[in-house]
Amino acid sequence: MFRIPTITKNLLIINLIAFLATTVLQLRDIDLADIGGLHFYMANDFHIYQLVTYLFLHANFMHILSNMFGLWMFGCVIENVWGPKKFLFYYISCGIGAGLLQEIAQFGQFYMTITAQDPSVTFSEIFAIGEQLSGQLNAWTTIGASGAVYAVILAFGMTFPNERLFIIPFPFPIKAKWFVLGYVAIEFFSALGSSGDGVAHTAHLGGMLFGFLMIRYWNHHPNSGFDRGRGQQFFENLKRNFEQRRQNQGSGYTNPNMHVNRGSGTKEDDMEYNARKRKNQEEIDAILDKIRKSGYDSLTKEEKKKLFDASNQS
């Protein structure tokens with residue numbers, strides 16, 4: 001049965017609890033979205049902790065459903081590959097990065113709004129005007145895990161670029177890299193269009209931008225302090241098993257499943273068996289080296305089949 005990894009499962013639970021709490025507390029005239037949502041930094045109600053808390057709040061059922069579906073679909077894979085610590089750091093960091101870029105975009109919008117009304121206003125005067133309007137600026141509030149979830153989708157596309165996905169309503173599979181690029185293009189043009197649809201497109205792009213920079217850094221600095229992902233650990237354990245079998249063979253180990261040709265001497269059968277095992281071991285070593293250099297996705301179907309067939313042998 002498919003098992004949801006720890007961090008992804010806990011993130012899903014926390015978001016669901018926060019959504020239910022928001023719904024219940026609204027009946028008592030307590031607005032969690034106003035308390036924990038990310039306000040514009042010039043507003044009275046802005047607090048630094050909101051850069052984290054806004055990630056766990058959602059406006060309505062469809063908002064949380066779409067975000068949690070994306071987190072479940074792609075987060076399970078990425079957490080299993082990276083491991084829980086690295087995945088959690090990535091998720092929260094990209095969420096904070098999305099919030100920071102949203103703050104910058106709101107400042108740009110505020111600046112253009114003020115200068116459109118009074119072109120004589122200087123850049124330094126904008127901050128004084130913002131202080132005067134701080135109460136009205138409380139209306140600019142951002143909530144939702146979309147920035148972090150979009151970063152997870154980006155991570156999937158960069159980790160498995162050629163993995164094929166079936167996306168409704170397309171009747172044919174789409175490679176993950178094109179799926180991610182399509183998301184980037186949609187969000188980019190939506191942000192430029194300023195459609196006023198109430199969606200924080202800039203935050204979505206911010207999460208993906210921070211995710212892209214983080215993944216590029218990790219690719220160039222593989223020993224960055226995080227434990228290796230479960231996928232890498234799997235291949236390391238696999239290699240250790242192969243090496244242990246080779247040592248056992250060198251110490252006189254015999255395969256109990258070996259077929260003996262009665263028409264030949266046992267010495268000749270052992271030589272053939274050992275030669276075949278050496279050849280298989282060399283092929284497996286070459287496949288493992290290829291994984292370390294280019295990643296698992298670089299393997300051919302035949303290489304993947306050979307690797308997993310070998311891992312299942314006793």
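The chain averages a pLDDT of 79, and 71% of the residues score at least 70. Among the elements of the chain, the highest mean pLDDT, 96, belongs to helix 3, residues 50-53, whereas the lowest, 57, belongs to helix 10, which covers residues 230-250. Over residues 252-265 the pLDDT stays under 50, and for that stretch the model has 9 contacts beyond four places in sequence. Where pLDDT is low, the predicted coordinates should not be read in detail.

As for the overall make-up, the chain has 12 helices and 4 strands, and of its 314 residues, 36% count as buried. If we take the contacts with a separation of 6 or more, residues 24 or more positions apart account for 69% of them. The chain exposes about 18800 Å², of which carbon and sulfur atoms supply 60%.

Now to the packing of helix 5, residues 84-117, which I will describe through two of its partners. Two packed helices are described by the angle between their axes and the distance between the axes. With helix 4, residues 61-82, the axes come within 7 Å and cross at roughly 130°, and helix 4 is therefore oblique to helix 5. On the helix 4 side the contact is made by Leu71, Gly75, Ile78, Glu79 and Trp82, and on the helix 5 side by Pro84, Lys86, Phe87, Tyr90 and Tyr91. By class, that contact of helix 4 with helix 5 has 7 nonpolar, 1 polar and 2 charged residues.

With helix 1, residues 6-26, the axes come within 10 Å of each other and cross at roughly 40°, so helix 1 and helix 5 are likewise described as oblique. Here Ile7, Thr8, Leu11 and Asn15 in helix 1 meet Pro84, Phe87, Leu88 and Tyr91 in helix 5. The residues of this contact divide into 6 nonpolar, 2 polar and no charged.

In sequence His204 and Ala148 are 56 residues apart, yet in space their C-alpha atoms are 7.7 Å apart.

Notes
Residues are numbered from 1 along each chain as its sequence is written. This is a predicted model: local features need pLDDT of at least 70, side-chain atom pairs count only at pLDDT 80 or more; totals for chains, interfaces and linings use all residues. Side-chain values use heavy atoms; hydrogens and water are left out. pLDDT is the predictor's confidence in each residue, from 0 to 100. Contact means heavy atoms within 4.5 Å. Axes are lines fitted to C-alpha atoms, for helices over the stretch in contact, and angles run from 0 to 180 degrees between N-to-C directions. Angles under 35 degrees count as roughly parallel, over 145 as roughly antiparallel, 65 to 115 as roughly perpendicular and the rest as oblique. Ala, Val, Leu, Ile, Met, Phe, Trp, Tyr, Cys and Pro count as nonpolar, Asp, Glu, Lys and Arg as charged, and the others, Gly among them, as polar. Buried means under 20% relative accessible area, exposed over 50%, partly exposed in between (1.4 Å probe, protein chains only). Accessible areas come from the Shrake-Rupley method with a 1.4 Å probe; for residues, only the protein chains shown count as cover.
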